[in-house]
Amino acid sequence: MLKKLRIKFVCINMTIITIMLIFIFYTIIHITQKNLEQNNLQMMQEIASDPLSLTKPGDSSAIRLPYFTLKLDNQHNILETGSSYSMLTDRAYFEDLIDASYALPEKTGILQDYHLCYMQVSTPTSHFLIFMDISTEISTMEHLTRNCILIGTISFFVFLGISIFFANWAVRPVDRAWTQQKQFIADASHELKTPLTVILTNAELLKAPVYDSEQQKHFTDHILIMAKQMQELVEGLLELSRIDNGSLKTIMCNLDLSLMTENALYPFEPLYFENKLTLHTEIEPGIQVHGSEGHLKQVLDILLDNAMHYSNVSSEVTVTLKRQKMYCTLSVRSHGDSLPEEELKNIFKRFYRTDQSRKRSGNYGLGLSIAKSIVEEHRGKIWAKSREGVNTFHVRLQCLQKNII
(Lines give C-alpha, C1' and ligand atoms only; values in the text may rest on other atoms or scores of the structure.)
Protein backbone atom coordinates (compact mmCIF):
# COMPACT_ATOMS: atom_id res chain seq x y z
CA MET A 1 0.00 0.00 0.00
CA LEU A 2 2.75 2.45 0.94
CA LYS A 3 4.65 1.64 -2.26
CA LYS A 4 1.55 2.47 -4.29
CA LEU A 5 1.13 5.67 -2.27
CA ARG A 6 4.72 6.72 -3.08
CA ILE A 7 4.25 5.95 -6.77
CA LYS A 8 0.97 7.87 -6.82
CA PHE A 9 2.60 10.84 -5.10
CA VAL A 10 5.48 10.87 -7.60
CA CYS A 11 3.16 10.46 -10.61
CA ILE A 12 0.87 13.30 -9.54
CA ASN A 13 3.81 15.56 -8.76
CA MET A 14 5.62 14.80 -12.02
CA THR A 15 2.42 15.27 -14.03
CA ILE A 16 2.01 18.76 -12.57
CA ILE A 17 5.70 19.56 -13.09
CA THR A 18 5.64 18.25 -16.70
CA ILE A 19 2.60 20.35 -17.54
CA MET A 20 4.25 23.41 -15.99
CA LEU A 21 7.54 22.83 -17.86
CA ILE A 22 5.74 22.34 -21.18
CA PHE A 23 3.66 25.48 -20.59
CA ILE A 24 6.70 27.57 -19.58
CA PHE A 25 8.92 26.51 -22.49
CA TYR A 26 6.08 26.67 -25.02
CA THR A 27 5.30 30.18 -23.82
CA ILE A 28 8.97 31.21 -24.14
CA ILE A 29 9.24 29.79 -27.68
CA HIS A 30 5.88 31.20 -28.75
CA ILE A 31 6.56 34.70 -27.41
CA THR A 32 10.06 34.73 -28.94
CA GLN A 33 8.74 33.64 -32.32
CA LYS A 34 5.94 36.22 -32.26
CA ASN A 35 8.40 38.97 -31.34
CA LEU A 36 10.67 38.01 -34.22
CA GLU A 37 7.74 37.94 -36.65
CA GLN A 38 6.56 41.33 -35.40
CA ASN A 39 10.06 42.78 -35.81
CA ASN A 40 10.30 41.35 -39.35
CA LEU A 41 6.93 42.85 -40.23
CA GLN A 42 8.00 46.28 -38.95
CA MET A 43 11.23 46.11 -40.97
CA MET A 44 9.38 45.19 -44.16
CA GLN A 45 6.85 47.96 -43.59
CA GLU A 46 9.68 50.46 -43.36
CA ILE A 47 11.18 49.06 -46.56
CA ALA A 48 7.75 49.17 -48.26
CA SER A 49 7.59 52.93 -47.77
CA ASP A 50 10.34 53.23 -50.43
CA PRO A 51 11.05 49.78 -51.90
CA LEU A 52 13.86 50.75 -54.26
CA SER A 53 15.72 52.97 -51.80
CA LEU A 54 18.11 50.32 -50.50
CA THR A 55 19.50 50.52 -46.98
CA LYS A 56 22.18 48.26 -45.63
CA PRO A 57 21.31 46.28 -42.53
CA GLY A 58 22.25 48.34 -39.49
CA ASP A 59 21.94 51.71 -41.22
CA SER A 60 18.38 52.05 -39.94
CA SER A 61 17.25 51.26 -36.43
CA ALA A 62 14.31 49.22 -37.76
CA ILE A 63 16.17 47.29 -40.51
CA ARG A 64 18.67 44.72 -39.27
CA LEU A 65 18.34 41.82 -41.75
CA PRO A 66 19.47 41.40 -45.41
CA TYR A 67 16.67 41.97 -47.93
CA PHE A 68 16.02 42.48 -51.63
CA THR A 69 13.11 43.81 -53.70
CA LEU A 70 11.53 42.99 -57.04
CA LYS A 71 9.60 45.51 -59.09
CA LEU A 72 6.93 43.81 -61.25
CA ASP A 73 4.43 44.82 -63.87
CA ASN A 74 0.77 43.78 -63.89
CA GLN A 75 1.72 40.42 -65.47
CA HIS A 76 4.29 39.81 -62.68
CA ASN A 77 7.21 40.29 -65.02
CA ILE A 78 10.40 41.60 -63.43
CA LEU A 79 11.09 45.22 -64.20
CA GLU A 80 13.78 46.00 -61.70
CA THR A 81 15.64 44.33 -58.81
CA GLY A 82 17.48 45.61 -55.81
CA SER A 83 19.44 44.02 -52.96
CA SER A 84 20.92 45.30 -49.72
CA TYR A 85 23.58 42.65 -49.34
CA SER A 86 24.54 41.15 -52.75
CA MET A 87 23.79 41.35 -56.41
CA LEU A 88 21.25 38.67 -57.28
CA THR A 89 20.89 37.99 -61.03
CA ASP A 90 19.35 34.52 -61.15
CA ARG A 91 16.03 35.28 -62.87
CA ALA A 92 14.88 31.66 -62.57
CA TYR A 93 15.34 31.95 -58.80
CA PHE A 94 13.39 35.22 -58.80
CA GLU A 95 10.57 33.69 -60.84
CA ASP A 96 10.32 30.77 -58.40
CA LEU A 97 10.03 33.25 -55.54
CA ILE A 98 7.33 35.23 -57.43
CA ASP A 99 5.30 32.09 -58.09
CA ALA A 100 5.66 30.90 -54.51
CA SER A 101 4.68 34.31 -53.10
CA TYR A 102 1.56 34.77 -55.22
CA ALA A 103 0.55 31.15 -54.66
CA LEU A 104 -0.11 31.99 -51.02
CA PRO A 105 -3.32 33.83 -50.08
CA GLU A 106 -1.66 36.27 -47.67
CA LYS A 107 0.13 39.40 -48.83
CA THR A 108 2.64 38.84 -46.05
CA GLY A 109 4.04 35.48 -45.11
CA ILE A 110 7.00 33.11 -44.86
CA LEU A 111 8.51 30.91 -47.54
CA GLN A 112 9.89 28.12 -45.39
CA ASP A 113 11.71 26.37 -48.25
CA TYR A 114 13.70 29.52 -49.05
CA HIS A 115 14.14 30.86 -45.47
CA LEU A 116 12.56 34.12 -46.59
CA CYS A 117 9.64 36.22 -45.50
CA TYR A 118 7.86 38.32 -48.13
CA MET A 119 5.51 41.26 -48.47
CA GLN A 120 3.45 42.27 -51.51
CA VAL A 121 3.21 46.02 -52.13
CA SER A 122 0.98 47.40 -54.91
CA THR A 123 0.93 50.87 -56.46
CA PRO A 124 -1.28 52.19 -59.31
CA THR A 125 1.49 51.59 -61.86
CA SER A 126 3.48 48.64 -60.56
CA HIS A 127 3.88 45.90 -57.96
CA PHE A 128 6.70 45.22 -55.55
CA LEU A 129 7.79 42.07 -53.75
CA ILE A 130 9.99 42.54 -50.70
CA PHE A 131 11.96 39.56 -49.49
CA MET A 132 13.86 39.42 -46.21
CA ASP A 133 16.34 36.73 -45.20
CA ILE A 134 15.23 35.12 -41.92
CA SER A 135 17.87 32.38 -41.73
CA THR A 136 19.22 33.93 -38.53
CA GLU A 137 15.77 33.89 -36.90
CA ILE A 138 15.16 30.29 -37.96
CA SER A 139 18.56 29.26 -36.60
CA THR A 140 17.84 31.17 -33.40
CA MET A 141 14.48 29.44 -32.96
CA GLU A 142 16.03 26.03 -33.63
CA HIS A 143 18.71 26.65 -31.02
CA LEU A 144 16.12 27.96 -28.57
CA THR A 145 13.91 24.90 -29.12
CA ARG A 146 16.83 22.51 -28.64
CA ASN A 147 17.95 24.32 -25.48
CA CYS A 148 14.42 24.27 -24.10
CA ILE A 149 14.13 20.53 -24.77
CA LEU A 150 17.53 19.91 -23.15
CA ILE A 151 16.79 22.09 -20.13
CA GLY A 152 13.30 20.58 -19.85
CA THR A 153 14.69 17.03 -19.93
CA ILE A 154 17.32 17.81 -17.31
CA SER A 155 14.74 19.62 -15.17
CA PHE A 156 12.36 16.66 -15.48
CA PHE A 157 14.90 14.20 -14.09
CA VAL A 158 16.03 16.63 -11.39
CA PHE A 159 12.43 17.13 -10.28
CA LEU A 160 11.91 13.38 -10.50
CA GLY A 161 14.72 12.83 -8.02
CA ILE A 162 13.38 15.58 -5.77
CA SER A 163 9.85 14.12 -6.01
CA ILE A 164 11.08 10.66 -5.04
CA PHE A 165 12.94 12.14 -2.08
CA PHE A 166 9.94 14.14 -0.88
CA ALA A 167 7.62 11.18 -1.54
CA ASN A 168 9.70 9.06 0.82
CA TRP A 169 9.85 11.95 3.29
CA ALA A 170 6.08 12.56 3.15
CA VAL A 171 5.17 8.89 3.42
CA ARG A 172 7.59 8.27 6.29
CA PRO A 173 5.09 9.36 9.01
CA VAL A 174 2.40 7.27 7.32
CA ASP A 175 4.79 4.32 7.22
CA ARG A 176 5.60 4.80 10.88
CA ALA A 177 1.92 5.14 11.80
CA TRP A 178 1.05 2.08 9.71
CA THR A 179 3.77 0.04 11.41
CA GLN A 180 2.64 1.25 14.83
CA GLN A 181 -0.95 0.42 13.99
CA LYS A 182 -0.06 -3.12 12.93
CA GLN A 183 2.07 -3.54 16.04
CA PHE A 184 -0.72 -2.05 18.15
CA ILE A 185 -3.29 -4.51 16.75
CA ALA A 186 -0.92 -7.43 17.23
CA ASP A 187 -0.12 -6.43 20.82
CA ALA A 188 -3.77 -5.78 21.68
CA SER A 189 -4.75 -9.16 20.24
CA HIS A 190 -2.00 -10.83 22.23
CA GLU A 191 -3.04 -9.12 25.45
CA LEU A 192 -6.70 -9.99 24.96
CA LYS A 193 -5.96 -13.58 24.03
CA THR A 194 -4.78 -14.68 27.49
CA PRO A 195 -7.71 -13.35 29.59
CA LEU A 196 -10.20 -14.55 26.98
CA THR A 197 -8.66 -18.01 27.10
CA VAL A 198 -8.85 -18.04 30.90
CA ILE A 199 -12.48 -16.85 30.84
CA LEU A 200 -13.53 -19.43 28.25
CA THR A 201 -11.72 -22.24 30.07
CA ASN A 202 -13.28 -21.41 33.42
CA ALA A 203 -16.71 -21.00 31.79
CA GLU A 204 -16.39 -24.50 30.31
CA LEU A 205 -15.36 -25.86 33.71
CA LEU A 206 -18.38 -24.22 35.33
CA LYS A 207 -20.66 -26.20 33.02
CA ALA A 208 -19.07 -29.50 34.03
CA PRO A 209 -21.16 -31.31 36.71
CA VAL A 210 -18.12 -32.97 38.35
CA TYR A 211 -17.07 -29.86 40.29
CA ASP A 212 -18.58 -28.86 43.63
CA SER A 213 -19.76 -25.38 44.61
CA GLU A 214 -16.42 -24.42 46.15
CA GLN A 215 -14.56 -25.21 42.94
CA GLN A 216 -17.22 -23.44 40.85
CA LYS A 217 -16.75 -20.34 43.02
CA HIS A 218 -13.04 -20.57 42.31
CA PHE A 219 -13.74 -20.64 38.56
CA THR A 220 -16.11 -17.68 38.90
CA ASP A 221 -13.44 -15.67 40.72
CA HIS A 222 -11.00 -16.35 37.89
CA ILE A 223 -13.54 -15.14 35.35
CA LEU A 224 -14.19 -11.98 37.34
CA ILE A 225 -10.48 -11.21 37.72
CA MET A 226 -9.82 -11.67 34.01
CA ALA A 227 -12.91 -9.64 33.10
CA LYS A 228 -11.67 -6.73 35.24
CA GLN A 229 -8.24 -6.92 33.62
CA MET A 230 -9.87 -6.85 30.19
CA GLN A 231 -11.94 -3.87 31.28
CA GLU A 232 -8.77 -2.01 32.31
CA LEU A 233 -7.16 -2.87 28.97
CA VAL A 234 -10.14 -1.70 26.94
CA GLU A 235 -10.40 1.52 28.97
CA GLY A 236 -6.70 2.16 28.36
CA LEU A 237 -7.13 1.55 24.63
CA LEU A 238 -10.11 3.90 24.52
CA GLU A 239 -8.13 6.55 26.40
CA LEU A 240 -5.28 6.33 23.89
CA SER A 241 -7.75 6.39 21.01
CA ARG A 242 -9.37 9.57 22.31
CA ILE A 243 -5.96 11.21 22.71
CA ASP A 244 -4.88 10.18 19.19
CA ASN A 245 -8.12 11.45 17.64
CA GLY A 246 -7.93 14.75 19.49
CA SER A 247 -11.29 14.04 21.14
CA LEU A 248 -9.88 14.00 24.67
CA LYS A 249 -12.05 16.34 26.72
CA THR A 250 -9.59 18.50 28.63
CA ILE A 251 -10.88 21.38 30.68
CA MET A 252 -7.89 23.69 30.96
CA CYS A 253 -7.62 26.09 33.87
CA ASN A 254 -5.03 27.67 36.12
CA LEU A 255 -4.34 25.20 38.92
CA ASP A 256 -2.03 24.84 41.87
CA LEU A 257 0.18 21.94 40.85
CA SER A 258 1.83 21.82 44.27
CA LEU A 259 -1.49 21.34 46.06
CA MET A 260 -2.69 18.84 43.46
CA THR A 261 0.47 16.77 43.89
CA GLU A 262 0.13 16.69 47.66
CA ASN A 263 -3.51 15.61 47.42
CA ALA A 264 -2.69 12.92 44.85
CA LEU A 265 -0.16 11.35 47.21
CA TYR A 266 -2.63 10.61 50.04
CA PRO A 267 -4.30 7.53 48.44
CA PHE A 268 -0.88 5.98 47.77
CA GLU A 269 0.47 6.24 51.30
CA PRO A 270 -1.34 3.14 52.64
CA LEU A 271 -0.58 1.24 49.42
CA TYR A 272 3.12 2.03 49.75
CA PHE A 273 3.01 1.04 53.41
CA GLU A 274 1.47 -2.33 52.52
CA ASN A 275 4.24 -2.88 49.94
CA LYS A 276 6.91 -1.97 52.54
CA LEU A 277 7.89 1.19 50.72
CA THR A 278 8.59 4.67 52.05
CA LEU A 279 7.08 7.66 50.27
CA HIS A 280 9.13 10.84 50.59
CA THR A 281 8.15 14.24 49.12
CA GLU A 282 9.98 17.45 48.26
CA ILE A 283 7.29 19.78 46.91
CA GLU A 284 7.89 23.47 46.39
CA PRO A 285 4.70 25.34 47.28
CA GLY A 286 2.79 27.76 45.06
CA ILE A 287 3.70 26.34 41.66
CA GLN A 288 0.86 26.99 39.21
CA VAL A 289 0.32 25.68 35.70
CA HIS A 290 -2.37 25.91 33.06
CA GLY A 291 -3.80 22.48 32.38
CA SER A 292 -6.36 19.80 33.12
CA GLU A 293 -6.27 18.83 36.80
CA GLY A 294 -7.83 15.42 36.20
CA HIS A 295 -5.38 14.42 33.47
CA LEU A 296 -2.30 15.76 35.23
CA LYS A 297 -3.37 13.82 38.32
CA GLN A 298 -3.68 10.75 36.09
CA VAL A 299 -0.07 11.24 34.98
CA LEU A 300 1.10 11.39 38.60
CA ASP A 301 -0.99 8.31 39.48
CA ILE A 302 0.63 6.38 36.62
CA LEU A 303 4.14 7.35 37.74
CA LEU A 304 3.41 6.51 41.38
CA ASP A 305 1.83 3.18 40.47
CA ASN A 306 4.77 2.38 38.21
CA ALA A 307 7.24 3.19 41.01
CA MET A 308 5.28 1.07 43.50
CA HIS A 309 5.33 -1.99 41.22
CA TYR A 310 8.97 -1.83 40.16
CA SER A 311 10.74 -0.60 43.30
CA ASN A 312 12.88 -2.81 45.50
CA VAL A 313 11.31 -3.97 48.74
CA SER A 314 11.93 -1.67 51.74
CA SER A 315 13.21 1.12 49.50
CA GLU A 316 12.24 4.78 49.25
CA VAL A 317 10.27 6.54 46.53
CA THR A 318 10.82 10.29 46.31
CA VAL A 319 8.43 12.72 44.65
CA THR A 320 9.85 16.17 43.93
CA LEU A 321 8.32 19.28 42.38
CA LYS A 322 10.54 22.26 41.71
CA ARG A 323 10.39 25.47 39.74
CA GLN A 324 13.12 26.13 37.18
CA LYS A 325 12.67 29.64 35.76
CA MET A 326 9.74 29.42 33.31
CA TYR A 327 9.27 25.69 33.83
CA CYS A 328 8.56 23.30 36.64
CA THR A 329 9.72 19.69 36.89
CA LEU A 330 7.82 16.88 38.59
CA SER A 331 10.05 13.87 39.32
CA VAL A 332 9.37 10.42 40.75
CA ARG A 333 12.55 8.65 41.85
CA SER A 334 12.66 5.00 42.92
CA HIS A 335 15.22 2.26 43.57
CA GLY A 336 15.04 -0.84 41.40
CA ASP A 337 16.64 -2.69 38.55
CA SER A 338 18.55 -0.33 36.29
CA LEU A 339 17.04 0.24 32.88
CA PRO A 340 19.36 0.01 29.87
CA GLU A 341 19.51 2.88 27.40
CA GLU A 342 17.44 1.00 24.82
CA GLU A 343 14.59 0.47 27.31
CA LEU A 344 14.66 4.13 28.29
CA LYS A 345 13.89 4.95 24.64
CA ASN A 346 11.14 2.35 24.27
CA ILE A 347 9.53 2.44 27.69
CA PHE A 348 6.91 4.99 26.63
CA LYS A 349 5.81 2.89 23.63
CA ARG A 350 2.44 1.17 23.81
CA PHE A 351 2.47 -2.36 25.22
CA TYR A 352 6.22 -2.15 25.73
CA ARG A 353 7.36 -4.05 28.82
CA THR A 354 10.53 -5.77 29.87
CA ASP A 355 10.59 -9.53 30.26
CA GLN A 356 10.40 -9.23 34.04
CA SER A 357 7.51 -6.80 33.94
CA ARG A 358 5.50 -9.10 31.65
CA LYS A 359 5.23 -11.48 34.56
CA ARG A 360 3.29 -8.94 36.56
CA SER A 361 -0.42 -9.47 36.24
CA GLY A 362 -2.78 -6.70 35.33
CA ASN A 363 -0.17 -4.47 33.72
CA TYR A 364 -0.51 -4.04 29.96
CA GLY A 365 2.21 -1.47 29.30
CA LEU A 366 -0.22 1.33 28.46
CA GLY A 367 0.23 3.58 31.50
CA LEU A 368 3.43 5.35 30.49
CA SER A 369 2.17 5.71 26.93
CA ILE A 370 -1.00 7.40 28.21
CA ALA A 371 1.10 9.62 30.50
CA LYS A 372 3.30 10.67 27.59
CA SER A 373 0.28 11.52 25.42
CA ILE A 374 -1.27 13.62 28.20
CA VAL A 375 1.98 15.49 28.88
CA GLU A 376 2.44 16.21 25.17
CA GLU A 377 -1.18 17.42 25.05
CA HIS A 378 -0.12 19.95 27.70
CA ARG A 379 2.91 20.92 25.55
CA GLY A 380 5.24 19.39 28.09
CA LYS A 381 7.95 16.75 28.05
CA ILE A 382 8.34 13.43 29.85
CA TRP A 383 11.46 11.30 29.98
CA ALA A 384 13.19 8.69 32.15
CA LYS A 385 16.71 8.30 33.52
CA SER A 386 18.39 5.31 35.13
CA ARG A 387 21.68 5.30 36.95
CA GLU A 388 23.15 2.86 39.47
CA GLY A 389 19.82 1.30 40.39
CA VAL A 390 17.96 4.62 40.66
CA ASN A 391 15.17 5.14 38.13
CA THR A 392 13.71 8.63 37.76
CA PHE A 393 10.79 9.80 35.65
CA HIS A 394 10.66 13.53 34.91
CA VAL A 395 7.71 15.63 33.71
CA ARG A 396 8.43 19.20 32.64
CA LEU A 397 5.60 21.70 32.23
CA GLN A 398 5.48 25.43 31.62
CA CYS A 399 4.45 27.13 34.81
CA LEU A 400 2.64 30.41 35.36
CA GLN A 401 4.12 33.46 37.02
CA LYS A 402 4.18 33.02 40.73
CA ASN A 403 1.22 34.70 42.40
CA ILE A 404 1.55 36.17 45.82
CA ILE A 405 -1.57 35.30 47.79
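Biologist: Where does Lys276 sit?
Modeller: Lys276 is in the loop between α6 (268–274) and β7. Keep in mind that this is a predicted model.

Biologist: Buried or exposed, that Lys276?
Modeller: Lys276 counts as exposed, because its relative accessibility is 58% and the cut-off for exposed is over 50%.

Biologist: Which other non-glycine residue has a positive phi, of about 50°?
Modeller: Glu388 does. Glu388 is in the loop between β11 and β12, and it counts as exposed at 72% relative accessibility.

Biologist: Back to Lys276. Which residues does Ser315 contact, leaving aside neighbours within four places in sequence?
Modeller: Lys276, Leu277, Thr278 and His335. Ser315 itself belongs to the loop between α7 and β9.

Biologist: Why does Ser315 count as buried?
Modeller: Because its relative accessible area is 10%, and buried means under 20%.

Biologist: How far is Ser315 from Ser334 in space?
Modeller: C-alpha to C-alpha, 7.7 Å, with the two 19 residues apart in sequence.

Biologist: Switching to the sheet. What's the strand order?
Modeller: The order is β7-β9-β10-β12-β11, an open sheet of 5 strands with mixed pairing. At the edges are β7 (278–283) and β11 (381–387), each pairing on one side only. From one strand to the next, the twist averages 15°.

Biologist: Parallel or antiparallel, the β11 and β12 pair?
Modeller: Antiparallel, over 7 bridges, with β12 covering residues 390–398. Within that strand, Asn391 is the bridge partner of Ser386.

Biologist: What holds paired strands together in general?
Modeller: Strands of a sheet pair through backbone hydrogen bonds, parallel or antiparallel.

Biologist: Which helix lies across β7, β9, β10 and β12?
Modeller: That's α5 (residues 257–265), and it runs at about 170° to β7. Helix α7 (residues 293–310) packs on the sheet too, touching β7, β9, β10, β11 and β12. The direction of α7 makes about 20° with that of β10.

Biologist: New topic, the surface. Which residues make the nonpolar patch?
Modeller: Phe9, Leu150, Ile154, Val158, Phe159, Ile162, Phe165, Phe166 and Trp169 make a patch of about 870 Å².

Biologist: Which helix gives the largest share of the nonpolar patch?
Modeller: Helix α3 (residues 135–207), with 8 residues. Trp169 lies in that helix.

Note on methods. Residues numbered from 1 in each chain as written. Predicted model: local features only at pLDDT ≥ 70, side-chain atom pairs only at ≥ 80, totals over all residues. Heavy atoms only, no water. Patch = residues over 30% accessible without salt bridge, like charges linked within 9 Å, V, L, I, M, F, W, Y side chains within 5 Å. Areas by Shrake-Rupley, 256 points an atom, 1.4 Å probe, with all protein chains shown as cover. Salt bridge = Lys/Arg side-chain N within 4 Å of Asp/Glu carboxyl O. Helix = DSSP H or I, 4+ residues; strand = E, 2+ residues; numbered from the N terminus. Pairing = 2+ DSSP bridges. Axes fitted to C-alpha atoms, helices over the stretch in contact; angles between N-to-C directions. Contact = heavy atoms within 4.5 Å. Buried < 20%, exposed > 50% of the residue type's maximum accessible area, 1.4 Å probe, protein only.
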